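I am opening these notes to record what I looked up, one item at a time. The structure comes next, and my entries follow.

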Amino acid sequence: MKPTFILIALGATLFAAGCSAGPTNSPAAMNNSTNSTMKFPLQRTEAEWRKLLTPEQYHVLREAGTERAFTGKYWNTKEPGVYRCAACGEILFKSDNKFDSGCGWPSFSEIAAQGKVITREDDSLGMKRTEVLCANCGSHLGHVFDDGPEPTGLRYCINSASIDFSDTNATASKTAEIK
Ligand SMILES: [Zn+2]
């Protein structure tokens, strides 16, 4: 199923947000189970996710948590490679599209390929933001803002805890390991 409506939502909900508006932790979002409203190709129970993920990864990916700025392992990395979903192993972002936003979170101007992530409105904390989720497993990644560099003008502000880096020559896929 192609969630094309999400693309419409993305266009309608991109709001200007400065670097101060990072993916702030959101208690409200923790009450929203991503799997209760959308169906994703990869389905796991929360008990299974807890076994597969570290406590920090679980908090960010499955409870829409947010790591503190400048504390994640990838906010300043520049090595060539790809960034996979830390939950399911799908390639979501490429180093080619990573840029230094100064925000303290890994920032990408583009996704690795169309359909790799989906977005939805997030009105928590009195802010209108656009949440970014893995399209394969529904895990929370971060938020997207419209103050990124051209040509996309987008800034995908992603938690390091939500992604795993593989250098360009690596062929191992976490997907294969946990399927
Ligand atoms: Zn995923």
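What is the strand order of the open sheet of 3 strands, and is its pairing parallel or antiparallel? I am working from a predicted model, and in it I read the order as β2-β1-β9 with antiparallel pairing. I then looked for the edge strands and found β2 (91–94) and β9 (163–167), each of which pairs on one side only. Neighbouring strands of this sheet are turned against each other by 30° on average, with direction ignored.

Next I followed the pairing of β1 and β2. Strand β1, residues 81–85, pairs with β2 in the antiparallel sense over 3 bridges. For valine 82 I noted lysine 94 in β2 as the bridge partner, and for tyrosine 83 I noted phenylalanine 93, likewise in β2. The two strands form a hairpin with 5 residues between them, and in the turn I found glycine 89 with a positive phi of about 90°.

I turned to the open sheet of 6 strands, whose order I wrote down as β3-β4-β8-β7-β6-β5, with antiparallel pairing. Because β3 (98–99) and β5 (117–122) stand at the edges with a single partner strand each, one side of each is left without a neighbour in the sheet. The partner I checked for β5 is strand β6, residues 129–134, and the two pair in the antiparallel sense over 6 bridges. Within this pairing I looked up valine 117, which stands opposite cysteine 134 in β6.

Which residues of helix α4 are buried? For this helix, residues 55–63, I listed Gln57, Val60, Leu61, Arg62 and Glu63. These buried residues pack against α3 (46–52) and β7 (140–145), and β7 also has a place in the 6-stranded sheet, between β8 and β6 in the written order. After α4 comes alanine 64, whose phi is positive, near 55°.

My last entry concerns glutamine 57, which lies in helix α4. Why does glutamine 57 count as buried? I counted it as buried because 23 other C-beta atoms lie within 10 Å, and the cut-off for a buried residue is 20 or more. Leaving out residues up to four places away in sequence, glutamine 57 touches Ala86 and Ala161.

Methods: Residues are numbered from 1 along each chain as its sequence is written. This is a predicted model: local features need pLDDT of at least 70, side-chain atom pairs count only at pLDDT 80 or more; totals for chains, interfaces and linings use all residues. Two strands pair if DSSP finds at least two bridges between them. Helices (H or I, at least four residues) and strands (E, at least two) are DSSP runs, numbered from the N terminus. Axes are lines fitted to C-alpha atoms, for helices over the stretch in contact, and angles run from 0 to 180 degrees between N-to-C directions. A residue is buried if 20 or more other C-beta atoms lie within 10 Å of its own, exposed if 12 or fewer, and partly exposed in between; C-beta atoms are placed from the backbone. Two residues are in contact if their C-beta atoms, placed from the backbone, lie within 7 Å.
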